[in-house]
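Me: I've got a structure open and I'd like to learn how to read its side-chain contacts. Can you walk me through them?

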Amino acid sequence: MEIPVVRRLNRQEFEIVMLDLDDVLFTFVENNVIKYQTKSEVFSQISTLEEQERFLSTMGFKKLERGYLVQMDKVKWYDEETHQVFFEPYPSRKAPSAPVSRVHRKDVPEELVVRQDARGYARGLYSPLGR
């Protein structure tokens, strides 16, 4: 079985690699991070958002706000007024949502944007009113 881990190239740079657990001799904790010792190298568990973002970006996740990585193919609705993405059409107030920062609004596909027309009705991909 393989797991994603961090290979530190230097203090600032790293890469995410897949580590075969058959190659692990032992694990240990250092500075609250799980480490994996092989015969020739020490790898770290993914422990920061930057590391997680690099790994998950290969699977369709995007950073839409500081601290939020969103699986974009699960997004069904973007409220342009509140700048939130939702994971169901016509979401209720209790529906899960994630904020979208100003700099990342361009990353939300146009077909998910819900706008209000002059009468205040939502218009968008999932609106019965159409576009």
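**Reading the side chains**

Reply: Buried means under 20% relative accessible area, exposed means over 50%, and partly exposed is in between, using a 1.4 Å probe and protein chains only. Keep in mind that this is a predicted model, where local features need pLDDT of at least 70, side-chain atom pairs count only at pLDDT 80 or more, and totals for chains, interfaces and linings use all residues. Residues are numbered from 1 along each chain as its sequence is written, and side-chain values use heavy atoms, with hydrogens and water left out.

Me: Okay. How many salt bridges are there, and what counts as one?

Reply: You need a side-chain nitrogen of Lys or Arg within 4 Å of a carboxyl oxygen of Asp or Glu. By that rule there are five salt bridges. Take Arg7: its side chain meets that of Glu15, N to O, at 2.8 Å, and it also meets Glu41 at 2.6 Å. The Arg7–Glu41 pair links distant parts of the chain, 34 residues apart: Arg7 is in strand E1 (residues 2–8), and Glu41 is in the loop between strand E4 (33–37) and strand E5 (42–45). Those labels are DSSP runs numbered from the N terminus, with helices (H or I) of at least four residues and strands (E) of at least two. Arg7, Glu15 and Glu41 are linked in a network of salt bridges.

Me: Which residue does Arg8 pair with?

Reply: Arg8 forms a salt bridge with Glu51, with the closest N and O atoms 2.6 Å apart. Arg8 lies in strand E1 and Glu51 in helix H1 (residues 49–56), so the pair ties together parts that are 43 residues apart in sequence. Arg8 is partly exposed at 41%, whereas Glu51 is buried at 2%.

Me: What about the aromatic rings? How many pairs are there?

Reply: A pair of aromatic rings is described by the distance of the centres and the angle of the planes. Rings of Phe, Tyr and Trp (its six-membered ring) pair if their centres lie within 6.5 Å; planes under 30 degrees apart count as stacked, over 60 as edge-to-face and the rest as tilted. The whole structure has two aromatic pairs. Phe26 and Phe28 form a tilted one, 5.9 Å centre to centre with 45° between the planes. Phe26 is partly exposed at 44%, and Phe28 is partly exposed at 27%. Trp77 and Tyr90 form a tilted pair as well, at 5.0 Å and 50°.
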